[in-house]
Amino acid sequence: MLLTGAAGFIGSHIRSTLTERGHDVVAVDGMIPAAHGSDAIAPDGVLVADLRQASLVELLDGVDVVCHQAARVGAGVDARDAPDYAADNDLVTARLLAAMFETRCRRMVLASSMVVYGDGTYRDGLGAIVDPPPRSTADLEAGRFERYLPGGEPAEWALTPEDAPLAPRSYYAASKAAQESYCRAWSLETGGAVTALRYHNVYGPHMPRDTPYAGVAAIFRSQLEARQAPTVFEDGGQMRDFVHVSDIAAANVAAIERLAPDTGSGRFEAFNVCSGQPISIKQVAESLTTGIAGPAPVTTGRYRPGDVRHIVADPALAAATLGFRASIMPEQGLREFATAPLR
């Protein structure tokens, strides 16, 4: 199989797990400085190639499944970043799909993301799914951080299922939704099979510490290493799902080993990959503080325009269809992450 992004935080864990299970892996990575640093050297066995330009047909020689992890992540700074997301994510995926068509490789597992859901899922007081108005600057300035129903009461967060509407809010999110759309169209046209895994907040050993790829858990962790209190935005009540990178690797293996060699009729499926145990951002900071015996988190009340209040996932479909259930829950995993090595 071909594994893209094989030297990255997630890709390296997937590569190790696949190799341990006896899979023959062709590992490739672009080694872009934003993800790896300016002087990074590719690990042994990882080919260095710019997938925007490389001959993908040659890379796919003898390959029967592609595990596509390579991507530009992060929210971006402004509209000038949009072409980079389109090139590194959408163009590369389109080139891969075209090369797969040419080489008759009919199976792909795609790294997607929770960001395709946008603002997440909410219910009213009677339990009905609703789409509350966006958070206003006036509310945020007043410390009213929830999304509010027309009557003024807060909407309740709910687990987001895979059939929720896609509503990307950033250039990265738009590129992930576009990747899924290209894959869906390819599966219909070719009869191939694509499994899109929508990762929630990933953390774990060897996570990058000071790059656009570092998530909030790594940011808190770096603050604690500097003996600084983790700084929590808003009131800390933002709900998320944090999933350990070893569980991400397990989900990819489950998807790869489930895919039939040739479906004939085409199939596109998407699955949430999450722990199934929502946790607040303040609880994330507290778990890390406990694990490293550091200073208590400071809740700042500051906010960032455009931030999503709550986004948590429904794990049921992945459990029922892929047989995937996370083995490391956030409270345990985050305490251990407090002293895990970072890259």
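1. Axes here are lines fitted to C-alpha atoms, for helices over the stretch in contact, and angles run from 0 to 180 degrees between N-to-C directions; helices (H or I, at least four residues) and strands (E, at least two) are DSSP runs, numbered from the N terminus. The model is predicted, so that local features need pLDDT of at least 70 and side-chain atom pairs count only at pLDDT 80 or more, while totals for chains, interfaces and linings use all residues. Residues are numbered from 1 along each chain as its sequence is written, and side-chain values use heavy atoms, with hydrogens and water left out.

2. Helix α7 (residues 216-225) and helix α9 (residues 281-292) have axes that come within 10 Å and cross at roughly 40°. That angle makes α7 oblique to α9, given that angles under 35 degrees count as roughly parallel, over 145 as roughly antiparallel, 65 to 115 as roughly perpendicular and the rest as oblique. The crossing of these two helices is right-handed, a term used if the near helix is turned clockwise from the far one by less than a right angle, with anticlockwise being left-handed.

3. In the contact of α7 with α9 (heavy atoms within 4.5 Å), Val216, Ala217, Phe220, Arg221 and Leu224 of α7 meet Ile281, Val284, Ala285, Leu288, Thr289 and Ile292 of α9. These residues divide into 9 nonpolar, 1 polar and 1 charged, where Ala, Val, Leu, Ile, Met, Phe, Trp, Tyr, Cys and Pro count as nonpolar, Asp, Glu, Lys and Arg as charged, and the others, Gly among them, as polar.

4. Helix α9 also meets helix α11 (residues 330-337), and the axes of α9 and α11 come within 7 Å and cross at roughly 50°. That makes α9 oblique to α11, and their crossing is right-handed. Val284, Ser287, Leu288, Thr290 and Gly291 in α9 are in contact with Glu331, Leu334, Arg335 and Phe337 in α11, a set with 4 nonpolar, 3 polar and 2 charged residues.

5. Helix α1 (residues 9-20) packs against helix α8 (residues 245-258) at an angle of about 55°, with the axes 9 Å apart. The two helices are therefore oblique to each other, and α1 passes α8 in a right-handed crossing. From α1, Phe9, Ile10, His13, Ile14, Thr17 and Leu18 meet Val245, Ile248, Ala249, Asn252, Val253 and Ile256 of α8; by class this contact holds 9 nonpolar, 3 polar and no charged residues.

6. The second largest pocket has a volume of about 270 Å³ and is lined by 17 residues, of which Tyr117, Gly120, Thr121, Asp131 and Pro165 lie nearest its centre. The elements giving two or more residues to this lining are β6 (121-123) and β7 (129-130), and β6 gives the most, with 3 residues. The lining divides into 9 nonpolar, 3 polar and 5 charged residues. A pocket is, on a 1 Å grid over the protein atoms alone, an open set of points where a 1.4 Å probe fits, with protein on both sides within 12 Å along at least five of seven lines, and lining residues have an atom within 4 Å of a point; grid points are joined across faces, edges and corners, and a volume is the space filled by probe spheres set on the points.
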